Amino acid sequence: MVFALARVLKRLPQLHHVRAPVFILGTGRSGTTILGIVLSMHRDVGFLNEPKALWARLHPGEDLIGSYNRNPARYRLNSGDATPAVIRGAHRVFGGYARLGGAPRVVDKYPEMIFRTDFLRAIFPDARFLFLSRGGLATCGSIRHWSQRLGTEVDGETHDWWGADDRKWRLLVDQIVPEHPDLAIHSEKMAELDHEGRAAVEWIVTMREGLQLLACDGQGTLHVPYEAMCADPRGWAKRLQTFLELPIDPVFEDFAAVTLADPNRATTVDLPDWLAPIFKATEAALAASDARRDGRYQTDGDCL
C-alpha cells in the first residue's frame, strides 16, 4: 500500500506546497518516536513515522536496513544525490501527504537521516531539523533490549537492530567509522562487539554528527535534549512551536505536558576498555553543548 501510494503521488501534479518540513534526527531508541507523536497532536502537523519505504522508493541507494531492497546502500547522501527526479518526487510525496492529511506542515521521523542533511537541504531548502539526544547509557540499553525482544530469523538471516544479516552495522563500520580516527584505529575489534558495544559506536558517531550539524546549521537546527524536554515538557512545547514557527496550540501543549516523561531506568553498559573512554568523551561533549544558551548553537565557528 505504501509503495502504491508513493507511485501514485510521484506521478500526480504536486497537490500541496511543502513548507519547512521538519526532520527529527538522532539515534533510534532515544525518544524520537514519542517526540513525533507529541508533535502530531499539533493541529498544523502531519506525522510520518520512519517513512523508510517512501525514501527507498525515492532513492535506490537509501535502504540501510535491507527491508525494501538489497541495492548497494550509502549512509551518507549529499546534495549531489538530490537529482531533479528525487526533488520532484519528494515534493510530490510530501505534498500529497500534507494534502491528504489536512495538515500544512509535515514532520518526518527517520533518525538516520542525520547523516544526510545536505541531501535533505537540497530537496527542502527551508527544512527544520530537530536533533534529539538522549544519554548514552539509556540509549544503548534500549537498543540492546530492542534486538533481544524483536530480533528474528528470516530465511536463514538474522533481522534485528543491525538490519538484515548485519547490513546496517557493516555499512556503519565501513562508511562512517573511518571518519572518526579514535574509532577507526580499532576497526579490527568492531567484529567482536556485542549489541551494547555496537550501540555505543552508533551513539558516538551520531552524537558527533548532531553536534557538527548544530555548529554548521545553528539557525535551522534545534538541539532537543531528551531528559531536559521530559523535565519541562510544557516549556519545550512552547520552544518547539517558536522554533518551527507553528501557531500556539493549547491541545498540543497539554498533550506534551501529560505525555513526556523520562522513565529514568537505571542502566549500565559494559564496554571494552578501548571504547569506554571514547564513549565518555562524547558524553562530555554532549553535556557541554547542553549547557549552551537555549540548547542552541548560534555560531558556525566549528563548521568544517
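Predicted model: local features only at pLDDT ≥ 70, side-chain atom pairs only at ≥ 80, totals over all residues.
## The big picture

Let's start with the whole chain. The protein has 304 residues, and 53% of them count as buried. Its secondary structure comes to 13 helices and 8 strands. If you take the contacts between residues at least 6 apart in sequence, 79% of them join residues at least 24 apart.

How far does the predictor trust its own model? The mean pLDDT of the protein is 90, and 89% of the residues reach 70 or more. One stretch to treat with care is residues 293-301, where the pLDDT is below 50. Even so, that stretch has 22 contacts in the model beyond its near neighbours in sequence.

Now for the way some helices meet. Two packed helices are described by the angle between their axes and the distance between the axes.

| Helix pair | Axes come within | Crossing angle |
|---|---|---|
| H9 (residues 195-216) and H13 (residues 276-290) | 10 Å | roughly 30° |
| H6 (residues 136-150) and H9 | 9 Å | roughly 130° |
| H11 (residues 233-244) and H12 (residues 250-259) | 8 Å | roughly 140° |

Take H9 and H13 to begin with. Their axes cross at roughly 30°, and because angles under 35 degrees count as roughly parallel, H9 is roughly parallel to H13. H9 passes H13 in a left-handed crossing. On the H9 side, the contact is made by Ala200, Trp203, Ile204, Met207, Arg208 and Leu211. H13 brings Ile278, Phe279, Thr282, Glu283, Ala285, Leu286 and Ser289. Sorted by type, the residues of this contact of H9 with H13 come out as 9 nonpolar, 2 polar and 2 charged.

H9 also meets H6. The axes of H6 and H9 cross at roughly 130°, so the two helices are oblique to each other. H6 passes H9 in a right-handed crossing. From H6, the residues involved are Gly136, Thr139, Cys140, Ile143, Arg144 and Ser147. They meet His195, Glu196, Ala199, Ala200, Glu202 and Trp203 in H9. The contact of H6 with H9 divides into 5 nonpolar, 4 polar and 3 charged residues. Ala200 and Trp203 of H9 turn up in the contact with H6, and Ala200 and Trp203 are also listed in the contact with H13.

Then there are H11 and H12. With axes that cross at roughly 140°, H11 is oblique to H12. The crossing of H11 and H12 is right-handed. H11 contributes Pro233, Arg234, Ala237, Lys238 and Gln241, while H12 contributes Phe252, Glu253, Asp254, Ala256 and Ala257. The residues of the contact of H11 with H12 split into 5 nonpolar, 1 polar and 4 charged.

Leu172 is found in helix H7 (residues 167-176). Leu172 has a relative accessible area of 1%, and because buried means under 20%, Leu172 counts as buried. Leu172 and Val201 are 29 residues apart in sequence, yet their C-alpha atoms are 9.0 Å apart in space.

At 9% relative accessibility, His180 counts as buried. Not counting residues up to four places away in sequence, His180 touches Val205 and Arg208.

## Two residues with positive phi

Finally, a look at two spots in the backbone. Arg29 has a positive phi of about 65° although it is not a glycine. You'll find Arg29 in the loop between strand S1 (22-26) and helix H2 (32-40). With a relative accessibility of 32%, Arg29 counts as partly exposed.

Asp155 is not a glycine either, and it has a positive phi of about 50°. Asp155 is found in the loop between strand S5 (152-154) and strand S6 (157-160). Is Asp155 buried or exposed? At 77% relative accessibility, Asp155 counts as exposed.

Terms used
Residues numbered from 1 in each chain as written. Heavy atoms only, no water. Axes fitted to C-alpha atoms, helices over the stretch in contact; angles between N-to-C directions. Helix = DSSP H or I, 4+ residues; strand = E, 2+ residues; numbered from the N terminus. Parallel < 35°, antiparallel > 145°, perpendicular 65-115°, else oblique. Left-handed = near helix turned anticlockwise from the far one by under 90°. Contact = heavy atoms within 4.5 Å. Nonpolar A, V, L, I, M, F, W, Y, C, P; charged D, E, K, R; others polar. Buried < 20%, exposed > 50% of the residue type's maximum accessible area, 1.4 Å probe, protein only. pLDDT = per-residue confidence, 0-100.
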